[in-house]
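Trainee: Please take a close look at one part of this model, the aromatic pairs, and walk me through them.

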Amino acid sequence: MDLFYILTIIALVIISAFFSAAETAYSSITRVRFKAMAESKHKRQVWAAALGENFEKLITTILIGNNIVNIGAATLATLFLTRIMEDATLAGTISTITITVVVLFLGEVAPKTLAKRNPEPFALMAAPIVLFLYYLFYPLNWILGLWQKLLTKIFKSKGDTAITDEVLITYVDEAEDSGEIDAEESELIKSAIEFDDLTVEDALTPRVDIVAIDVTASTDKALELFRETGYSRIPVFKGSIDNIIGILNEKDFYKLYMDGQKKIRNMMSKEVVLVPPSTKLSDLLKRLQKGKMHIAIVISEFGGTMGIITLEDILEELVGEIWDEHDDIEEPVKVLSENEYEIAGQYTVDDFFDLFEIDKDPDDYDSVTVSGFVGEILDRTPQVNDTLTFENLFIKVLSVEYNRIARIYVKVNEKQEFEDVNEGLLLRGLKSGSDEESEE
Ligand code: ATP
């Protein structure tokens with residue numbers, strides 16, 4: 001009889017370990033992975049996916065099972081000890097302490113730690129048993145579900161439970177890490193998620209780079225501009241660039257030019273889309289598509305021209321750099337030597353950290369581009385020849401356009417030297433940057 005008690009208690013602790021491992025295994029598998037499993041031809045994968053897709057009920061099933069076996073083990077241990085000991089209070093105390101320790105070490109922590117390391121094989125192995133219990137406990141599960149609903153209703157949370165962009169991006173990262181999608185797909189999905197947060201200001205071509213023409217200029221001047229710049233659309237202004245009154249379209253221009261038209265005013269389209277820099281790119285995209293337009297003029301809060309933005313600028317935020325036939329291709333990363341690089345200011349902080357294996361989270365910084373990042377570290381508008389040291393990198397600003405860094409020089413130093421004295425060097429780097437500046 002004593003042996004029966006002991007063997008049953010051992011069996012219950014083993015079952016408790018099984019439930020704990022199952023809970024961890026199923027909680028560690030991502031939703032995306034469950035979706036992929038559902039498509040599989042293997043039965044166990046389909047079962048595991050079915051369980052994963054009903055996650056709340058699955059966890060309740062496991063909880064019911066785990067509670068039954070844990071309470072069962074504690075009860076049997078107490079019964080057993082009261083049989084062999086005279087003092088019932090002492091027997092109860094010893095059994096409570098022993099079962100708590102045993103369940104904690106063997107029934108909880110150990111199986112959870114192991115399942116965390118290899119969640120998927122364990123989830124597949126456990127799938128038939130868990131599925132059986134899922135149906136066995138279904139009525140109880142259903143009642144608990146109602147109880148849960150009632151509690152949620154009573155203690156309604158006012159917190160926002162909507163999935164944030166960050167959470168979505170984490171899902172995409174997980175899907176990429178587990179191989180469901182490749183790096184390009186991941187990049188595209190992430191750009192699409194972030195797209196709605198981007199405004200015209202993030203993508204415009206700044207005022208200083210605008211190629212525009214005075215309405216009183218000659219057609220020869222327009223011909224020259226089209227030929228030299230390769231742009232298909234040139235804004236037309238009256239008096240100053242702050243007063244754009246039309247867009248000269250290359251095709252219309254050539255046609256009318258051949259017909260003998262001599263006045264730019266009569267060759268331009270008077271339809272000009274004006275937008276403030278705070279306009280969402282997604283809204284502008286819709287507006288341009290609807291109006292069959294390709295270009296918009298960005299007007300600053302003071303009424304002046306701040307820049308221009310074209311469909312291509314908007315699409316580049318989604319799919320990355322698009323090179324036109326006439327674009328001067330500027331490599332984002334130029335390798336100068338084994339440990340020296342030239343990087344474009346528009347290179348993203350994510351790619352920059354990846355490239356130089358910086359063990360920091362790019363999201364800890366506000367900037368999206370290297371240009372913004374350098375400014376953020378310097379804590380001011382960057383200037384040519386500014387230098388700084390970040391982690392094991394020595395950085396020097398090579399060129400600045402419209403207060404944006406166009407290119408930086410990066411020298412990679414030995415990591416070892418820098419790891420411990422990181423912060424100090426960062427400060428020293430900043431200091432040397434400002435020293436050089438004051439010398440100039
Ligand atoms: P298309 O490809 O239809 O021939 P495009 O090459 O002239 O047009 P886009 O492809 O729309 O121009 O834009 C390419 C880049 O050139 C964008 O960054 C855009 O802001 C910029 N751009 C276009 N027109 C001008 C212009 N007149 N002045 C300065 N930058 C321009």
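Mentor: Phe18 and Phe19 are both buried, where buried means under 20% relative accessible area, exposed over 50% and partly exposed in between, with a 1.4 Å probe and protein chains only. The model is predicted: local features need pLDDT of at least 70, side-chain atom pairs count only at pLDDT 80 or more, and totals for chains, interfaces and linings use all residues. Residues are numbered from 1 along each chain as its sequence is written, and side-chain values use heavy atoms, with hydrogens and water left out.

A search of the whole structure finds 22 aromatic pairs. Rings of Phe, Tyr and Trp (its six-membered ring) pair if their centres lie within 6.5 Å; planes under 30 degrees apart count as stacked, over 60 as edge-to-face and the rest as tilted. Phe18 and Phe19 make an edge-to-face pair, at 5.8 Å centre to centre with 65 degrees between the planes. Phe18 also pairs with Phe122, and this pair is tilted, at 5.9 Å and 55 degrees.

Elsewhere, ring pairs join Tyr341, Phe352, Phe353, Phe356, Tyr365, Phe373 and Phe390 into a cluster.
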